[in-house]
Amino acid sequence: MTSRKTSTPGRDNGDKYSVLLPTYNERENLPLIVWLLVKYFGESGYKYEIIVIDDGSPDGTLEIAQQLQGIYGEDKIVSAGTAYIHGMKHATGNFIIIMDADLSHHPKFIPEFIEKQREGDYDLVSGTRYRGNGGVYGWDLRRKLISRGANFLTQVLLRPGASDLTGSFRLYKKEVLESLVERCVSKGYVFQMEMIVRARQLNYTVGEVPISFVDRVYGESKLGGNEIVSFAKGLLTLFATT
């Protein structure tokens with residue numbers, strides 16, 4: 001009985017976790033990631049909702065989200081606009097988790113994020129591929145070199161106080177996320193990096209949890225030449241202005 005009590009703290013203190021799932025052409029992945037989220041939240045006992053933020057997917061992702069609402073209930077699955085700010089407006093939780101919907105971020109790590117946050121009352125907790133037993137699986141050597149190089153350059157130029165700036169699997173106190181989004185001007189991959197840099201500027205505390213990042217199961221990766229150029233420009237902008 002004791003272990004069961006400790007595994008369901010979310011029912012005791014009123015905390016609720018709103019998961020923001022940005023999607024674009026994720027009709028194959030969305031049912032799987034939602035099923036996994038329901039499974040791990042159900043097992044851990046934390047209160048939650050899943051907010052799908054679809055960016056006009058032509059493959060019918062939004063229709064799949066609406067079908068999932070019918071299966072799991074509108075109190076658990078919410079469709080909300082095309083941007084983080086829309087998702088935050090719909091969020092009823094006092095904590096917000098942002099993760100990819102393409103199965104590269106596994107929901108099994110979420111209880112560890114929550115435990116880490118409570119352990120130090122952190123303002124945000126970030127998943128890291130570059131510390132402890134974290135890692136990347138399914139990438140070719142080119143992609144790994146690009147990611148490692150981007151992270152190294154960021155560490156040297158910005159000294160952010162976090163080991164993984166380009167990852168997007170994070171837990172935030174809701175008011176902290178709102179404050180950071182108001183101040184961030186970047187888009188794409190640079191947005192995640194700027195969030196950590198702004199958090200450091202505002203003296204927010206950052207915890208880290210090692211995660212295994214697995215390349216997307218269905219669909220195509222969005223990383224290409226344009227994204228790399230945009231990242232480099234964004235990095236230099238942040239270096240010059242922070």
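Q: Which residues have the most contacts inside the largest nonpolar core, and how many residues does this core have?
A: In this predicted model, the largest nonpolar core has 31 residues. L21, L30, I33, L37 and F41 have the most contacts inside it.

Q: What elements give two or more residues to this core, and which gives the most?
A: The elements giving two or more residues are β1 (16-23), α3, β2 (47-54), α4, β4 (95-98) and α6 (110-120). The most comes from α3, with 6 residues. As a general point, nonpolar side chains in soluble globular proteins tend to be buried together.

Q: What is L21 in contact with, leaving aside its neighbours within four places in sequence?
A: The partners of L21 include L30, I33, V34 and L37. Among the others are I50, I51, V52 and I53, as well as M99, D100 and A101. Contact here requires heavy atoms within 4.5 Å.

Q: Which residues does the second core include?
A: The second core is separate and has 26 residues, among them I96, V176, L177 and L180.

Q: Why is L32 called partly exposed?
A: Buried means under 20% relative accessible area and exposed means over 50%, with partly exposed in between. L32 has 40% relative accessibility, so L32 counts as partly exposed. The place of L32 is in helix α3. The C-alpha atoms of L32 and D102 are separated by 9.0 Å, although these residues are 70 apart along the chain.

Q: What is said about phi in N25 and N203?
A: Most residues other than glycine have a negative phi. N25, which is not a glycine, has a positive phi of about 55 degrees. N203 is also a residue other than glycine, and its phi is positive, near 65 degrees. N25 is found in the loop between β1 and α3, and N203 in the loop between α9 (189-201) and β8.

Q: How are the packed helices α3 and α4 described?
A: Two packed helices are described by the angle between their axes and the distance between the axes. For helix α3 (residues 30-44) and helix α4 (residues 61-72), the angle is about 35 degrees and the axes are 10 Å apart. The crossing is right-handed.

Q: Which residues make the contact of α3 with α4, and what are their classes?
A: From α3 come L30, P31, V34, W35 and V38, which meet T61, I64, A65, L68 and Y72 in α4. By class, 9 of the residues are nonpolar, 1 is polar and none is charged.

Q: What makes β3 and β8 edge strands?
A: The open sheet has 7 strands in the order β3-β2-β1-β4-β7-β5-β8, with mixed pairing. β3 (77-79) and β8 (206-210) each have a single partner strand, so one side of each is left without a neighbour in the sheet.

Q: How do you know that strand β5 pairs with β8?
A: Two strands pair if there are at least two bridges between them. Strand β5 (residues 124-128) and β8 have 5 bridges, in the parallel sense, so they pair. One of the bridge partners in β8 is G207, the partner of V125.

Conventions
Residues numbered from 1 in each chain as written. Predicted model: local features only at pLDDT ≥ 70, side-chain atom pairs only at ≥ 80, totals over all residues. Heavy atoms only, no water. Axes fitted to C-alpha atoms, helices over the stretch in contact; angles between N-to-C directions. Helix = DSSP H or I, 4+ residues; strand = E, 2+ residues; numbered from the N terminus. Left-handed = near helix turned anticlockwise from the far one by under 90°. Nonpolar A, V, L, I, M, F, W, Y, C, P; charged D, E, K, R; others polar. Core = buried A, V, L, I, M, F, W, Y, C linked by side-chain atoms within 4.5 Å. Buried < 20%, exposed > 50% of the residue type's maximum accessible area, 1.4 Å probe, protein only.
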